[in-house]
Structures are given as C-alpha cells and as structure tokens.
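Dear colleague,

Please find the structure below, followed by a short account of what was found in it.

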Amino acid sequence: MKLTHNKIREKSNQKLNKAELHVGKELHVCMGLNSCQGNGYSGTNECAGMGDCSTISHPCHTLNECKGQGGCGLFGTTEEFCHPSENECRYQGSCGAPILNSRFIVQGPNKGRSVWQLARARFEEKRKASNQKFGAPPAGEFGPSNEYISELYGEKTVEDHSSCGQSGSRSCSYIQNKDARQAEANANVETMEENSQQEMSKTLSTCPKRVY
Amino acid sequence: MKTHKLFAVADQVTPANFEEVMQQAIALELATIPTYLSTYYSINRAQDQDALYDKIYKQLNNTSIDQEVPNERLAEELKTDILVYANKAAALIMSVVVEEMLHLSLACNVKQAISSSPDLISIGKTLKFPAELVGHEPEFVINIGKLDLDQLSTFLQIESPDPFTDPADSPETANDVVKYKTIGRLYNMIIECVQEHYPGPYAPKPQLLPNEPGKPPRPFYSQNSVNTVYYDEKHKPVFGSADDSGDLVGVYDAASAIKAMNEIKHQGEGNDSDDHNKLEFDSNNMPIPLPVVNGKVQFKPGDYDDPAKEELSHYAKFLEVYSLGVHYKEKFGAIAGMDDFFSYFVADQLPNQKQATYDLGTGPNQEEIAWMSKLGNALYTYIILMVETCYYKDEHTQFQVFMYGIHKSMIWLLSDVGNAMRSYTFTANDGSSYTPSLTFEFYDFSEASGSPKEQLIEIAKSLANSNPSKNPDIDSVAAWSWLYNDEAYLPSLPDVGLDHSVQPNVPSIPA
C-alpha cells in the first residue's frame, strides 16, 4: 500500500541520490542559500547566493541529516521558524528541503509570511556581517516555484515538491477550470510573496535572538 | 459494548485527596487525546479534487431532477463545500488535540510541583473505550470513532462550559434542575484547594517548561503546525490557534499553579464572559446547532478563549464543526443523487475497535492490519511513557526525548499508521467489511523481552513481513520497511525504559 508519507519520503530520497553527486560540496537547503561558487544543485553557479537549488533533500521536521538543514515553516516552534536552516544539529530541523516559494510560516508573529524570503534574509545578514559577496538567486527574489524545481530535476511531468504534505497543497485553488485554478493559485502565492517582502523588516524585528 | 469508568469526579478537593484528584485531572486530559485523534484520523482532508468533482458530477447527472443551477456549477460548489469543511474540521480538531497535549503537561506540572510525579502509565492501563466520566452529571459515553454528528455531540459534552441537560431525559423532566458538573468546575475546586493549602514556593522538580528569552530553546510546545492550518473557499490559509492562546507554565507557587489551571479552563471552555453559547439538545437528543449565515457560524464574545476574540474555545471550535456539519448534511440531503455529506471524506470506521477483533479477522490484509493496529498501540503507549519520563529528567534529556522521540512519534509514526489504515478494508469474523482504525489500547511492554524501542522495531518488522507481494503497490515490505531501515525514523528514537532510563541513541552522521 502506498502511503502518503512514504511517497514523500521516497521522492525525497530520489532527490537526495541526485544530490549525492555533489560529494564534498556545502550542504544547504535551497536556491540562493549557498556559500560558495559551484555549490548549487547543478554546480554551475558563479558565486555565493546564486546556487540553483538545495544540495540536500528531506521530507520534514526532525528528518534532516545535519546542522543547517532544517527547511523550516510547517512543524516547530516560533523560535525555530525565525531561523530557517540555522538548526544546530541532526534531526533538529523544523521542516523539509528544498523550500518552495509557496511555503509560509504557520506559527508566531510572522505566520502567513514566506519561509524562503526569511531564509534568504538571514543568509544575506550573515554574508554582510562578514563582508562576503553574494549574488542574486537565479529563480528570482521570492524563491523557487514547484515548476522551477521540477524542470531543474528534469521531470517529464511536474511532480509535487512541497514537503510535510498532510493538509493539502499550499499552492492551490478550488476552481474546477484548470487554467483559472492555476491563475488563482499563482495569485495567492504572489500576494503572500509581496506581503512578505513588504513586511520583512517587521519579520526580522519580531524574531528572538537564537541561543544555543 | 461494555463501558469503562474513567474515574470518579470528586465532590470536593482537600489535601487528603489532592494527589488523587490531580491524577484524575491528568487522566481526563489524557483521555481526550485518543478520543479526538481517532476522529481526526478518520478524515481524508486532502483528497483528489478532480476525482471528487467527477464523482459528484456523475451523481447529479444520474438523476432526472433538474437543479436550479447547472450541474457543472453545482458540482464545483459541492466539491468545494466538502474540501473546505473536511480540511477545516480536521484542522480545528487537531488544534484542540495540540492544546489537550498542552493541558496534559500543565496538569502534570501542577501535580509534579505540589504532590508527586504524574503516573501516566497507570492511566494508560485503565483507559479503555468506550469510557465514561463517573460522577459527571449526567454521565455520558465517550467513544473513539469517526467524524459524525454523534461524535461531535460527545466532544461538545466533554468541553461544555456549562452544566447541560441530560439529552436522554424525557421532555417532562428535561427542564428539571439537576446538579450537573463540568471539567471547569473540577479545576475550580482544585484552584480553591491550592489557594487555601498550597501557597508555595514549591521544591524544584523537573517540569515541561516554556521558552525563556536568552536561554536555550525548549521545543516542547507550539500552537500551530501545518496540520492546524486549513484553507478557506478562496484557498487562503486560516490558522487554527492564536499565537498568544497559551503556553507551558512552570509551576513554582500558588499563583503559577492557578495560572496553569486557568489556562486549561479558558482554552477548553472560553473566557469568563457569560455571553457564550450553551449546550442545549433538541427532541432527538442532538445538540442544537448555531445558525450558519453565508457559510459562517455566528459566535458570541464568551465563545472565545481570549478577550481579543482571536481564538475560539475548544467547545466553540467543536460547535462550529458541528453546526457546519448539520448545515452541509441538510444541504446535501436536499439535493437529489447526493450521498450523505460525511461519506465523501470520512472513512467508514466502527467505534471502539479492538486489537482482538483485528487478530481474529479474515481477508487478504488481515495480518497486516492486525500488525498496524499493534504498532499503533505500541507507539501510543511509548508516547505516554516518553511524556511521563520527562518528569524524571533534566532539561537536556527532556529536549532529546521530545525532539527525537515525541515529535517523530506523533508527527510521522503514529500519524502515518493512523492515516494509512483508511486505505485498507477489513473483514470481521462475522463477514462484515469496514475500514480499520487505531484502537488506542495500552501496549504492555513488560510482557516481552527487550526494551520498548526494541519491541517497536520488532513489531514494525513483523508488519513489513505480514503481506509481502511482487506487486509493489500492495507489498507490505515496500510499504513499511522504511520504519526500521531509515535511520531518521524508529532507529533514532530515544531508548526509553519502563524505569524512565533514557539512551538518546541518535545515530551517528553517515560517513
């Protein structure tokens, strides 16, 4: 019997197998969050912050292999959600990777806002603090879409790459006409993305300092 | 089926029975969790919307009665009704489950601080369904079972902020004044006892504590997860719980003990305002629903658990699910060709199923279902053991037990088994077929050799080997071997002993 979580886990492992080609590279959770040249999913990026996708993949909360691999947003605490991909240790990540542009924070003062944008803001904070350069993320300023990741993985048909898939797609609509459904789904995500961008300073200011 | 007396609600709380009453309060909080979870797992909250549309559209076309609106539009509307309601009902039930786990911890903190460590294993051994609260006036039966109006009626009785009239009373006696009791009144008696006899400060003992600024994280409680989120008809996310609706409370003196218990009361029954909806029954002994206006249930200020009206109380959340359920059941019932509203998204599960039934059943998946049920019971018992163990351990060990044990067990392991059972059909020994479900029975780890964790892994292996097939879609090995082969799941659980010993046992980083 194919189980929902089993399917997600299998898909995640398939992606992980692809990522194993990147032995020796930095392991990070998404597009635009890499620290070095050549450390994106495809290994073709010229600079930090320009990687095309994550070099690791896992389904969700407590299933990450290492430090810094929690994708964040869907299971965890307010404090964890304030620091995507800054988990201290194995199995302490609060959500899956990669982080789609549609994923929003579900708990705390920043709930409803983009996880990827906060992860990218944290990344930029750290780079600036240490006077290190970084480039623009290849799929735009709001994070990778499901279609972008599907194309990157070379899928013949677009598969679902959202994680923790227990309560329905976070990028969807109930309209029956397929074109109108996609348009409303895209509009919902775009609204969330734009609101998250406008509220980023508020998002950063409400987060407590991480203590280990 | 024989009902099981959960405990006797005390008439008064004194230092002489304080320890026993706190154990009773903990038992009450614990009993709600399998009750609500069993209903949660009966719901398919994210089904294929196109397949659902096709089913409804065919049903509408198969009738000769013309509808007022075109069938395409009506099918889309009905599909959305089902998807939104199923997801909303599940999210609201899960948001209550999460807060019941908080209440369990708060009640345990109070008992730990003032009298003795909580004895959850003893409660787990005696908690059997159908259960009833002896001393609660009126007594009522608590089933574990699928989502329907009867089950929601039970939920409303559990969480009712007011004494309610016995629905089984005849019309002639229904208005008689009877001294009913509520859970909130039990806590009021405990609070009075604490105020009078236990001012504190109390000796420090391990408790489950909230995060504190500047200190390492204590990831023991979070109000919302993706499972407490649902989407409205425009697919905008709605969050089941407010951020400030409550948190763990460290109990150090009478003031903090009372704060913890008031939090339980307010989350369950609402704030102290008298302006709230009350539980009343109709002539069919069913709760009277609130009116639904433009798809929305109308509430009063006292139905919220906070003065800012950001989150409904448990009682009001269930009243919303119930009222909308009545509304949609009537709507679907009035349209020719439609099935019962709940049948579109709720598994056909019988209440209060037992492991013994699955052990004795027949059918191609009988053995696999019996092992699933056993694994579910073992995981449920292991979670109880892990929570109890936290009250014997320092913060570092609590962190390990929660992060690597309770979180994984609740979110991935128990949840996967509970949700997976909806996909199976079980043939009972009387020949009837239905959907199996978790039975939430105590699993006695002391009856076999090996640690509880070792036993969990052995059960998972038996499950995986119960129904091997060359067809990968029905092969039990493919379906379940990841439980013990993938290090992120069973292998990384802490090894918690019945003596509350803990071996963290997080596997090393792969080379």
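**Chain A and the aromatic residues of chain B**

Chain A has an accessible surface of about 8,600 Å², and 50% of this belongs to carbon and sulfur atoms (Shrake-Rupley method, 1.4 Å probe). The model is predicted: local features need pLDDT of at least 70 and side-chain atom pairs pLDDT 80 or more, while totals for chains, interfaces and linings use all residues. Residues are numbered from 1 along each chain as written, chains are lettered from A and ligands numbered from 1 in written order, and side-chain values use heavy atoms, without hydrogens and water.

Chain A contains six helices and zero strands (DSSP runs of H or I, at least four residues, and of E, at least two). Of its 212 residues, 58% are buried (under 20% relative accessible area, 1.4 Å probe, protein chains only).

Over all chains there are 26 aromatic pairs (ring centres of Phe, Tyr or the six-membered ring of Trp within 6.5 Å; edge-to-face means planes over 60 degrees apart). One of them is the edge-to-face pair of B:Phe426 and B:Tyr434, at 5.6 Å centre to centre and 65° between the planes. Both B:Phe426 and B:Tyr434 are buried. B:Tyr443 and B:Phe445 are also edge-to-face, because their planes stand at 65°, with the centres 5.0 Å apart. B:Tyr443 is buried at 18% relative accessible area, and B:Phe445 is buried at 3%.

Finally, B:Lys374 lies over the face of B:Trp371, 4.7 Å from the ring centre (NZ of Lys or CZ of Arg within 6 Å of the centre and within 35 degrees of the ring normal).

Yours sincerely

Definitions and conventions. Phe/Tyr/Trp six-rings, centres within 6.5 Å; stacked < 30°, edge-to-face > 60°. Buried < 20%, exposed > 50% of the residue type's maximum accessible area, 1.4 Å probe, protein only.
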